[in-house]
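Open the model in your viewer and keep the selection tool at hand. This tour goes stop by stop.

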Amino acid sequence: MSDAKQEILSIKRDSNNIDGQILNFLKTDPISPGSTLADAVMVTLKAHWLPLVLYSMGVRGEKLRLPTIWALHQLEAQARLIRRICGIDT
């Protein structure tokens with residue numbers, strides 16, 4: 001078994017400010033049953049950055065198209081959810 005290099009991210013925020021509240025929300029109200037805070041953070045990061053990371057790595061064509069469609073779908077769904085919950089009509 002080979003030891004894969006791992007990236008480690010640790011985020012600590014005061015639980016009394018908005019950043020801490022966001023982390024607490026994601027920890028206590030996960031995106032889907034069985035998901036963790038790390039899962040929620042990674043889905044969010046991928047939705048925002050995956051297409052640009054792939055593009056910067058030289059990925060083009062169909063290999064870029066499908067992840068881009070996925071990311072756009074995630075972002076559009078989140079925008080619809082925010083509008084619906086917060087009562088914003090646009």
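In which helix does Leu 23 lie? Select Leu 23: the residue lies in helix α1. Helices here are DSSP runs (H or I, at least four residues; strands are E, at least two), numbered from the N terminus.

Before moving on, note that this is a predicted model, where local features need pLDDT of at least 70, side-chain atom pairs count only at pLDDT 80 or more, and totals for chains, interfaces and linings use all residues. Residues are numbered from 1 along each chain as its sequence is written, and side-chain values use heavy atoms, with hydrogens and water left out.

**Stop 1: helix α1**

Stay on Leu 23. Is Leu 23 buried or exposed? Leu 23 counts as buried, because its relative accessibility is 17%. The cut-offs are these: buried is under 20% relative accessible area, exposed is over 50%, and partly exposed is in between (1.4 Å probe, protein chains only). Leu 23 and Val 59 are 36 residues apart along the chain, and their C-alpha atoms are separated by 32 Å.

**Stop 2: the loop between α1 and α2**

Select Pro 33, in the loop between α1 and α2. Pro 33 is exposed, with a relative accessible area of 83%. Draw a distance from Pro 33 to Arg 83. The C-alpha atoms are separated by 23 Å, for residues 50 apart along the chain.

Go on to Thr 36, found in the loop between α1 and α2. Thr 36 is partly exposed, at 40% relative accessibility. Leu 26 is ten residues away in sequence, and 8.1 Å from Thr 36 in space, C-alpha to C-alpha.

**Stop 3**

Look for the second largest pocket, with a volume of about 360 Å³. Select Leu 9, Ser 10, Ile 11, Leu 37 and Val 41, which are the closest to its centre of the 16 lining residues. A pocket is found on a 1 Å grid over the protein atoms alone: it is an open set of points where a 1.4 Å probe fits, with protein on both sides within 12 Å along at least five of seven lines, and lining residues have an atom within 4 Å of a point. The volume is the space filled by probe spheres set on the points, which are joined across faces, edges and corners.

Which helix gives the most to this lining? Helix α2 does, with five residues. Helices α1 (18-28) and α2 each supply at least two.

**Stop 4: a patch on the surface**

Select Met 42, Leu 45, Trp 49, Leu 52, Val 53 and Met 57. Together they make a nonpolar surface patch of about 610 Å². Patch residues have over 30% relative accessible area and no salt bridge, and nonpolar side chains (Val, Leu, Ile, Met, Phe, Trp, Tyr) are joined within 5 Å, like charges within 9 Å. Areas come from the Shrake-Rupley method with a 1.4 Å probe; for residues, only the protein chains shown count as cover. Val 53 sits in helix α2 (residues 37-56). Val 53 is partly exposed, with a relative accessible area of 41%.

**Stop 5: salt bridges**

How many salt bridges does the structure hold? There are two. A salt bridge is a side-chain nitrogen of Lys or Arg within 4 Å of a carboxyl oxygen of Asp or Glu.

Select Asp 19 and Arg 13, whose side chains meet at 3.7 Å, N to O. Asp 19 is partly exposed, at 37%, and Arg 13 is partly exposed, at 48%.

Finish with Arg 65 and Glu 62, a salt bridge of 3.6 Å, N to O. Both lie in helix α3 (residues 62-86), three residues apart, about one turn of the helix.
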